[in-house]
Amino acid sequence: MEYYSLRTGEVGAIITAAANVQDNGKGWEGELSVASDQFIPSLSRLSSTIKRNGTKAILQLFHAGRMTDSGVLRGVQPVSASAIAAERPNAEILRALTEDEIFDLIEDFKKATERAIKAGFDRVEIHGANTYIIQQFFSPHSNCREDQWGGSIEKRFNFINQLVDSVTEVVDNSNVQDFIVGYRFSPEEYEEPGNKNVRYPLSC
Ligand SMILES: Cc1cc2nc3c(=O)[nH]c(=O)nc-3n(C[C@H](O)[C@H](O)[C@H](O)COP(=O)(O)O)c2cc1C
């Protein structure tokens with residue numbers, strides 16, 4: 001809050017650091033959370049600090065997926081589209097989400113959007129970049145599912161498609177004006193197979 005209060009008014013908009021929409025989506029210590037109603041009062045203080053001099057406040061919504069560990073999650077095993085560890089030192093064995101859990105995750109992005117609106121933010125940004133869970137669903141490196149969520153580029157896109165529709169539906173059904181839903185994405189990743197500017201065959 002101190003950091004933001006020194007900068008409000010100097011820029012048109014501030015996108016906060018990532019806020020996890022589920023407890024098991026926490027990626028690092030000290031992270032913002034929007035995973036429960038209990039955080040609405042403190043998130044409201046954050047948005048009003050950012051907005052004090054006319055700057056727009058944007059809450060970034062995310063889930064770390066496999067880019068976390070059971071230490072940060074206090075003993076809980078990390079989850080993702082598939083049980084494929086990230087290419088990074090000490091990456092842990094993770095668990096693939098069940099279909100029900102995928103629908104729960106989309107539901108929790110919706111609830112996070114409702115909380116952002118209640119907390120006075122002007123916008124949300126869906127964090128689809130930097131190899132977190134949304135990118136993990138789209139990447140052929142981390143998604144080897146054989147159901148409606150994986151198996152072809154179109155199916156790997158299904159999670160993003162349903163997620164964006166769900167979040168924008170929340171905004172459309174709320175009574176806020178000019179509320180923008182942003183989406184951050186990473187066009188490329190270094191993993192093989194990975195998201196590239198060219199189509200890669202699935203190698204799972
Ligand atoms: C410590 C640290 C924390 C970051 N946290 C976030 C974040 O919460 N959300 C996000 O979209 N990007 C985050 N980033 C990525 C930055 O937004 C940016 O893309 C990255 O630092 C590369 O830009 P730069 O070369 O100007 O540093 C973070 C980067 C660093 C170094």
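User: Where is Arg115 found?

Analyst: Arg115 is found in helix α3, which covers residues 99–118; helices here are DSSP runs of H or I with at least four residues, strands are runs of E with at least two, and both are numbered from the N terminus. This is a predicted model, in which local features need pLDDT of at least 70 and side-chain atom pairs count only at pLDDT 80 or more, while totals for chains, interfaces and linings use all residues. Residues are numbered from 1 along each chain as its sequence is written, and side-chain values use heavy atoms, with hydrogens and water left out.

User: Why is Arg115 called buried?

Analyst: A residue counts as buried under 20% relative accessible area, as exposed over 50%, and as partly exposed in between, with a 1.4 Å probe and protein chains only. Arg115 has a relative accessible area of 10%, so it is buried.

User: What makes the pairing of the Arg115 and Asp37 side chains a polar contact?

Analyst: A polar contact is a pair of N or O atoms within 3.5 Å; within protein, one must be able to donate a hydrogen and the other to accept it, and residues adjacent in sequence count only if both atoms are side-chain atoms. The side chains of Arg115 and Asp37 make such a contact at 2.7 Å.

User: How do you know that the length of helix α5 agrees with its number of residues?

Analyst: The expected span is 1.5 Å times one less than the number of residues. For the 20 residues of α5 (residues 153–172) this gives 28 Å, and the end C-alpha atoms are 28 Å apart, so the two agree.

User: Where is the kink in α5 centred?

Analyst: The kink, of about 30°, is centred on Phe159; the bend at a residue is the angle between axes fitted to the seven residues ending there and the seven starting there.

User: Why do Thr131 and Asp178 fall into the accessibility classes they do?

Analyst: Thr131, which lies in the loop between β6 (123–128) and α4 (133–138), has 21% relative accessibility and so counts as partly exposed. Asp178, in the loop between α5 and β7, counts as exposed because its relative accessibility is 72%. Each has a positive phi without being a glycine, near 65° for Thr131 and about 55° for Asp178.
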